[in-house]
Amino acid sequence: MRIFSVALFTVISLSIIPVVSAEDKKADPATEQAKSKIRAAGGSVLELAQNDDRLEIAFHLSDQKVNDDTLKTLAGLPKVANLNLRGTEVTSAGLAHLKHLKDLTHLHLEKTKVNDAGLKHLQSLPNLEYLNLYGTEITDAGLPQLGSLKKLKRLYVWQTKVTRPAGLALQKQITGLEIVGLPEEPKPVAAAKPEPAKPAEKKPAPKKEKKPAPKPAKKKTEKKAEKKPEEKKPAPKPAAKKEDAKKKEK
């Protein structure tokens, strides 16, 4: 009987706890008012789970202008676990409005106007595990300011001015930190094999230019006098007397 009574009391106690928690949520007008302001600014507010009253707030899909003043709406919501500010006009100065978010674990700042000056405001977020700085203006000079975030597990630095040596230095400060987007380690340059010495090229002796042989002087061709063929004179006719003598002899 005693065991049954204890068990019944436990069941009743567990059934009462969620009811009380739900009543507490509804009884906090400041929280509901802060949620309304965020929604009015174009943000979305969701609870992580039914048994987890921490919030996930996102402004990256807002159809309104989201800037540093918009972050003032977070003042009445300390239990924020995830905050997405991707692609907004938030600057380093606006990050000062996040100092009270002690439960914040995930922060999206990619494609914002945040630079090195804004990273100092993140030092007051001891539970931060995920930080996306892709496409921001941070450099090696600001990166050491994140060294106090000992729970940081993943950091994105694509398209920033962070170099590989600075990223590796931060990884030594924070155990288990993975930095995504660091420039690749330069490949070692293979030592060039010495080329065998080439035999000295013998320069060909300069060719002597042959002077053209002097052309023989043209002999003056003597014009030979052309011999005209001799005209044959007709043989003299025998005298008539001789012809007559021959006739007589016949």
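**Briefing: strands and surface of a predicted model**

The chain exposes about 19400 Å², and carbon and sulfur atoms supply 57% of that area. The structure is a predicted model. Of the chain's 250 residues, 30% count as buried.

**Overall layout**

- The chain contains 5 helices and 7 strands.
- Read from the N terminus, the elements follow the order α-α-β-β-β-β-α-β-β-α-β-α.
- Take the contacts in the chain between residues at least 6 apart in sequence: 48% of these join residues at least 24 apart.

**Strands S1 and S2**

- Strand S1 covers residues 44-49 and strand S2 covers residues 52-58.
- S1 and S2 run antiparallel and are joined by 5 bridges.

**Strands S2 and S3**

- S2 also pairs with strand S3, which spans residues 80-84.
- This pairing is in the parallel sense and extends over 4 bridges.
- Ala58 stands opposite Asn84 in S3.
- S2 therefore has an antiparallel partner in S1 and a parallel partner in S3.

**A general point on strands**

- In a regular strand, side chains alternate between the two faces of the sheet.

Methods. Residues are numbered from 1 along each chain as its sequence is written. This is a predicted model: local features need pLDDT of at least 70, side-chain atom pairs count only at pLDDT 80 or more; totals for chains, interfaces and linings use all residues. Side-chain values use heavy atoms; hydrogens and water are left out. Two strands pair if DSSP finds at least two bridges between them. Helices (H or I, at least four residues) and strands (E, at least two) are DSSP runs, numbered from the N terminus. Buried means under 20% relative accessible area, exposed over 50%, partly exposed in between (1.4 Å probe, protein chains only). Contact means heavy atoms within 4.5 Å. Accessible areas come from the Shrake-Rupley method with a 1.4 Å probe; for residues, only the protein chains shown count as cover.
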